[in-house]
Amino acid sequence: MDWINAIIQGVLLGGLYALFAAGLSLMFGVMRFVNIAHGDFIVMGAYGALLVVSLTGIHPLWTLVLVVPGMAALGYLGQRLLLNRTLGDDILPPLLVTFGFSIIIQNVLLELFSADSQKLQAGWIETASIPLAGGLSVGVMPLLIFASALAVIAGLQAFFYRTALGRVLRATSDDADTVRLMGADNANVFAIATAIASAVVGIAGVYLAIRTNFDPAVGPARLLYAFEAVIIGGLGNLWGTLAGGIILGVSQAIGAQIDPGYQILAGHLAFLIVLVLRPQGLFPKMKG
Amino acid sequence: MSERYQVHRSTRASRVAMSLFALVVLALAAAPWWAGRGDLRMLVEIFTYVGLAQMWGLLAGYGGLVSIGQQAFVGLGGYMLFALATFAGVPPLAALLLAGLIAALIAIPTALVAFRLQGAYFAIGTWVIAEVFRLGFAQASALGGGSGMSLPAGIVRDIAASAPAREALIYWLALGLALAAIGMVYLLLRSRWGLAMTAIRDSEPASESLGVETWRTKFVVYVATAGMTGLIGALIFLQKLRISPDAAFSVSDWTALVIFIVVIGGIGSIEGPIIGTIVFFALRELAADWGAWYMILLGGIAVATMLVAPRGIWGVISERWDLQLFPVRRRLVVTGAKADARA
C-alpha cells in the first residue's frame with residue numbers, strides 16, 4: 001500500500017513539474033531559446049507571492065491574481081529589452097546571458113530575503129484530503145495543482161491551435177524569417193511568447209511556495225526538473241511534457257520510498273535512462 | 001610576374017609576448033623564495049582558475065560545447081585522489097595523475113550520454129550528470145557521505161616533509177598544471193584537431209560536408225578537457241586537504257565563476273581566460289566583503305560583456321590593435337603581389 005501511495009503522490013507531484021516545464025517547453029518551441037534562469041524565475045514568482053502575502057495578508061492562492069500578470073509583464077519587458085538582443089545563430093549569447101541572470105537573481109533574492117527557508121501557509125486547504133479506497137487518500141492541494149497543470153496545458157494547446165496569435169507563434173516556431181515577411185513583428189511575437197511562458201512560471205512559483213520549502217538557491221534544481229520533464233516527454237509536445245513530469249515525479253517518489261536520500265537521484269537516473277534508450281523522448285511531436 | 005605566398009603564424013607581437021611570458025613564468029617559478037605563504041596560496045588559486053578557464057574556454061569557444069557540468073570532473077578528480085590515497089595507499093602525486101586519468105575515462109560514457117543532447121540542452125544535460133555525481137558521492141558512506149572526509153595526516157606528511165615544502169610543491173604543481181593547460185590548448189589549436197574544431201564552431205554542417213568528423217573531434221576534446229579538469233580538481237583538493245560532495249561538485253565555484261572569467265576575458269582565445277582570471281581576482285580583492293553583491297556585480301559584468309562585446313576584453317584589444325600573442329592562427333603573407341594588384 002505504501003508503494004501505491006508513493007506512486008499516487010508521485011503522479012500529483014508530476015503536475016507541479018509539468019507546470020515548471022511548460023514555460024521552458026514553450027519558449028524553446030517558439031524561439032529555440034533555452035532560459036537557464038528558468039528555475040530562478042519560478043523561485044522569483046514564489047518570492048513574489050511571499051511578498052504579496054506579507055504585505056496584504058491575503059490567502060496565498062489569491063496572490064496568483066497579482067503574481068501571474070506581474071511575471072508576464074516582467075517576461076515581456078525582459079524579452080523585449082534584453083533577451084531579443086541575444087537571439088541569433090550563435091547559441092552562446094542566450095545561454096550565457098541567462099546563466100548570468102540565474103546567478104544575479106539568486107544573489108538578489110539572497111540579499112533581499114536572506115538564505116532562510118520559506119513556505120507559504122495556505123490553511124485548511126493544505127491539510128484537507130479526499131479519502132480513496134483501501135485507506136489511501138489524496139491531498140486537496142496536490143490535486144488542485146495537478147488540475148491546474150491539466151488546465152494550463154489544455155489552455156496553451158487551445159491557444160496555440162485555435163487562435164490567430166497562436167497560429168503566428170506556431171508559424172514563428174517553424175520559420176521566424178518567413179513570418180516576418182508575412183508582416184508579423186518578430187520582436188513582439190517573441191516577447192508575447194515569453195510573457196505567456198512567464199505567466200505559467202508565475203503559477204508554478206505560487207504553487208511551489210505553497211507546496212514546498214524554498215530558498216534563493218533552489219532555482220537550478222527546478223530548472224533541471226523542468227528540463228528533464230521536457231526531454232522525457234519529447235520536444236514540442238505539451239501533453240508529452242505532462243507525461244514527462246509525471247514520470248519524473250513517480251521516479252522520485254519511488255526513489256524516496258526506497259531511501260529518502262535517493263529521491264532526487266532516482267529522478268535524474270530515470271531521465272538519463274530515457275535519454276540513452278530514447279533520445280527523442282517518449283512522445284516526440286505529433287502532427288496536428 | 002611572380003607571386004610568392006608564405007604562411008606565417010608568429011608575428012612580431014607574438015614573439016615579444018612569448019619572451020615576456022617566459023620571463024613572467026620564470027619569476028613565478030621562483031615565487032616560493034620571494035612570496036609569502038598567503039600570496040602563494042592565492043597564486044595557487046589563480047593558477048587553478050587559469051587552468052579551469054582554459055579548459056572551459058576550449059570546450060565552449062572552440063568545440064561549441066557549452067558545459068555547465070565541468071564541476072563533475074573537478075569533483076571526480078578530487079574524490080579519486082582522496083580515495084586512491086586513503087584506501088589504495090597510492091602515493092599522493094601518483095594518485096593525482098591517476099585521478100586525472102580516471103576523470104578522462106569516466107568522461108567517455110558521460111560523453112556518450114551527454115552528446116545525445118545539442119546546444120543549450122547539452123549544457124543542462126551536463127549539469128544533470130554533475131548532479132548525479134554529487135548525489136551519488138553523498139550516498140557513498142566510505143567517503144564520508146554528505147559530510148565528506150579529510151585526507152589522513154599520514155598521507156599529508158607523505159606529500160612533503162614540512163608544511164612549507166608541501167606548500168611549495170603544491171604551488172609548483174599548480175603553476176605546472178596552468179602552463180600545461182595553456183600548452184594543451186595551444187598545441188591542440190595548432191594541430192589538425194584545432195582546425196577541425198574551429199571549422200565545427202563556425203559551421204557544423206559545412207565542416208561535416210568537407211569531411212571533418214565532427215562527433216569524433218568533439219568527443220576527443222571533451223574527454224581531454226575532462227582529464228585536465230580532473231587533474232586540476234585533484235590538485236585543488238590536495239591543497240584543501242578536505243573534500244565534501246557540495247564543495248567538490250559546486251556549480252558556482254567550478255563552473256559559474258569559470259564561465260564569468262572566460263566571458264569577461266574573452267571567449268575563443270588563449271589570452272582571454274588569463275586576462276579574465278586576473279580581472280576576477282582583482283575584483284575579488286576589491287569587493288571581498290560585499291557578499292552577495294559581489295556575485296551580482298560579477299554576473300552583471302558578464303551579462304553586459306555578452307551583450308555589448310561578446311568577444312570580451314581580449315576581443316576588443318585584439319581587434320583594436322590586431323594583436324595575437326599566442327600564434328594559433330595562420331596568416332597568408334603575399335610577397336611581390338603589389339604589382340599584380342595594380343595591373
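Predicted model: local features only at pLDDT ≥ 70, side-chain atom pairs only at ≥ 80, totals over all residues.
Helix α7 (residues 164-174) and helix α9 (residues 186-211) of chain A pack at about 105 degrees, and their axes lie 10 Å apart. The two are therefore roughly perpendicular to each other. On the α7(A) side, the residues that meet the partner helix are A:Leu165, A:Val168, A:Leu169 and A:Thr172, while α9(A) puts in A:Asn186, A:Val189, A:Ile192 and A:Ala193. Sorted by class, this contact has 6 nonpolar residues, 2 polar ones and no charged ones.

Helix α9(A) has another partner to look at. Helix α6 (residues 140-162) of chain A crosses α9(A) at roughly 170 degrees, with the axes coming within 11 Å. That angle makes α6(A) roughly antiparallel to α9(A). Here α6(A) brings A:Met141, A:Ile145, A:Ser148 and A:Val152 to the contact, and α9(A) answers with A:Val200, A:Ile203, A:Tyr207, A:Ile210 and A:Arg211. The split by class is 7 nonpolar, 1 polar and 1 charged.

Now for chain A as a whole. Chain A is built from 12 helices and 2 strands. Going along the sequence, the elements come in the order α-α-α-α-α-β-β-α-α-α-α-α-α-α. A compact globule of 288 residues would have a radius of gyration near 19 Å, and chain A, at 19 Å, agrees with that. Of its 288 residues, 53% count as buried. Among the contacts in chain A with a separation of 6 or more, 75% are between residues 24 or more positions apart.Chain B holds 17 helices and 4 strands. Its radius of gyration is 21 Å, close to the 20 Å that the globule rule gives for 343 residues, so chain B is as compact as a globular protein of that length. Taken along the principal axes, the C-alpha atoms of chain B fill a box of roughly 80 × 50 × 40 Å. Buried residues make up 45% of the 343 in chain B. Of the chain B contacts between residues at least 6 apart in sequence, 78% join residues at least 24 apart.

Helix α1 (residues 12-29) of chain B runs for 18 residues and reaches 26 Å from its first C-alpha to its last, close to the 26 Å expected at 1.5 Å a residue. This helix, α1(B), is hardly covered, with 0 buried residues among its 18.

A residue in another helix gives a contrasting case. B:Leu84 sits in helix α4 (residues 71-87) of chain B. With 21 other C-beta atoms within 10 Å, B:Leu84 is buried, since the cut-off for that is 20 or more. Leaving out residues up to four places away in sequence, B:Leu84 touches B:Val90, B:Ala95, B:Leu98 and B:Ala99. Between B:Leu84 and B:Gly136 there are 18 Å from C-alpha to C-alpha, and the two are 52 residues apart in sequence.

That leaves the place where the two chains meet. The contact takes 32 residues from chain B and 33 residues from chain A. On the chain B side, the elements that give two or more residues are α6 (119-139), α13 (251-265) and α15 (292-308). Of these, α6(B) gives the most, with 12 residues. By class, the side of chain B that touches chain A has 25 nonpolar, 5 polar and 2 charged residues.

B:Glu131 counts as buried, with 22 C-beta neighbours inside 10 Å. Setting aside residues up to four places away in sequence, B:Glu131 touches A:Leu224 and A:His268. Within its own chain, B:Glu131 is 120 residues along from B:Val251, yet their C-alpha atoms are separated by 9.1 Å.

Definitions and conventions:
Residues numbered from 1 in each chain as written. Chains lettered and ligands numbered in written order. Expected span 1.5 Å × (residues − 1). Buried ≥ 20, exposed ≤ 12 C-beta atoms within 10 Å, placed from the backbone. Rg over C-alpha atoms; globule rule 2.2 N^0.38 Å. Contact = placed C-beta atoms within 7 Å. Nonpolar A, V, L, I, M, F, W, Y, C, P; charged D, E, K, R; others polar. Axes fitted to C-alpha atoms, helices over the stretch in contact; angles between N-to-C directions. Parallel < 35°, antiparallel > 145°, perpendicular 65-115°, else oblique.
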